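Subject: Structure for you, with notes on the domain interface

Hello,

Here is the structure I said I would pass on. My notes follow below it.

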Amino acid sequence: MATLTDVDIKKLLTEPSSVTMRPSYEGGNINTAIGFKCDNYLLEAAVLDHFRAVGLGATELYLVHGVNFDVVGVDTRLHTVLTLDDDVTVEVTPKTKDTDREMVFAVAAIVERDGAPKKAVTSKFRVLLRRDTNIADPAPLPAELERFVVDRLATAEPAELASTPVDDLHGAFHRGEDASTDPVLAEIIGDDNAIGWKWRIPYYYCHFTERMQMSGYLRQMEEAKHLFVASRGISIKRLLDERGWIPVVTQNKLHFTDEAIMEEDLYTVYTVESVFKDMLYTSRMDFYVVRDGKLVKTATGEITHGYCHKVSPDAEWQMAVFDDEVLRALRGE
């Protein structure tokens, strides 16, 4: 077991670090551009490396100190596109105040463009250390870190639910495009410009044998866009094939409001809230489980989407202007 010094703790809580990495190949879904989900993965890896550099990697935290490293909030802006073979320098700068109960880090992904460094992605990450009862006799953490150790990541106030959940295993694995067959989804969505689906949380969206992790929610956030536009007749493939429009995210944020447990039925709801300048639209994402007959929100966030296209193969990417068909689809008209 490593012994943490005052210098190590100062590095962790007050001093910046940096690491150079490449994006995951998983993220090259459309040509070689990396999507927002894998941008966030890259930033998360850098924050983990910031801990690892002082001897507090996720394994050490778990097996020795009996706590789980959990990203519980992200607020990310995308300024330029990262591509598959970019060498990306990710800078992690602690921003935790004395009164904060979460560790806060400003994270910036920097890439070379036209011979000069350029910020491609910036974010604010929030981290907690959750006690894990599976580890017997854990070694204590330094006193400076105790305020970030919790028994539960968040606890939401349950809401009354008029409808009765349908205990349908098949339906729990189905990505529906409307709420017509699920009374809980119908109640949550109401008259909103939204779609939703119920889905049983698999182990590979979880970590530490129990809970859905941040990357799992980001994967749901990505899938929601795919399902939403398909349900409105403007699927990703159709706009790619017919117009060469590539979906782009300019901003996304997400934070935990409770915990979601492996194999619970998760209700995902994607609601379009605004369309502005006929070039971008912002959607809210809400996630729920039903416990003891009541509705519990486990996470909430926002994502801003648009489309890019090229007027010729060697031209720069440009933002597309929504036409009437796309505007009507986004507004649910």
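Two residues count as being in contact here when they have heavy atoms within 4.5 Å. Please keep in mind that this is a predicted model.

Interface area

The size of an interface is often given as the accessible area lost when the parts come together. For domain 1 and domain 2 the buried area is about 2300 Å², with 57% of it on carbon and sulfur atoms. On the domain 1 side, I30, F36 and R130 account for 25% of the area buried against domain 2, more than any other three residues.

Polar pairs and the domain 1 side

The rule finds 4 salt bridges across the interface of domain 1 and domain 2. Polar contacts between domain 1 and domain 2 come to 11 residue pairs, both residues being at pLDDT 80 or more.

R130 and E259

R130, already named for its share of the buried area, also forms a salt bridge with E259, where the closest N and O atoms are 2.7 Å apart. The side chains of R130 and E259 are listed as a polar contact too, at 2.7 Å.

Where does E259 sit? E259 is in the loop between β10 (246–256) and β11 (265–276). Is E259 buried or exposed? The relative accessible area of E259 is 2%, so E259 counts as buried, the cut-off being under 20%.

A polar atom of the E259 side chain also lies 2.8 Å from the backbone nitrogen of L153. Leaving out residues up to four places away in sequence, E259 touches R130, R152, L153, A154, R211, E264, R291 and T298. That list includes R130 of the salt bridge and L153, whose backbone nitrogen was mentioned above.

Regards

Terms used. Residues numbered from 1 in each chain as written. Predicted model: local features only at pLDDT ≥ 70, side-chain atom pairs only at ≥ 80, totals over all residues. Heavy atoms only, no water. Buried area = accessible area lost by both parts, 1.4 Å probe. Salt bridge = Lys/Arg side-chain N within 4 Å of Asp/Glu carboxyl O. Polar contact = N/O pair within 3.5 Å; in protein donor to acceptor, adjacent residues only side chain to side chain. Helix = DSSP H or I, 4+ residues; strand = E, 2+ residues; numbered from the N terminus. Buried < 20%, exposed > 50% of the residue type's maximum accessible area, 1.4 Å probe, protein only.
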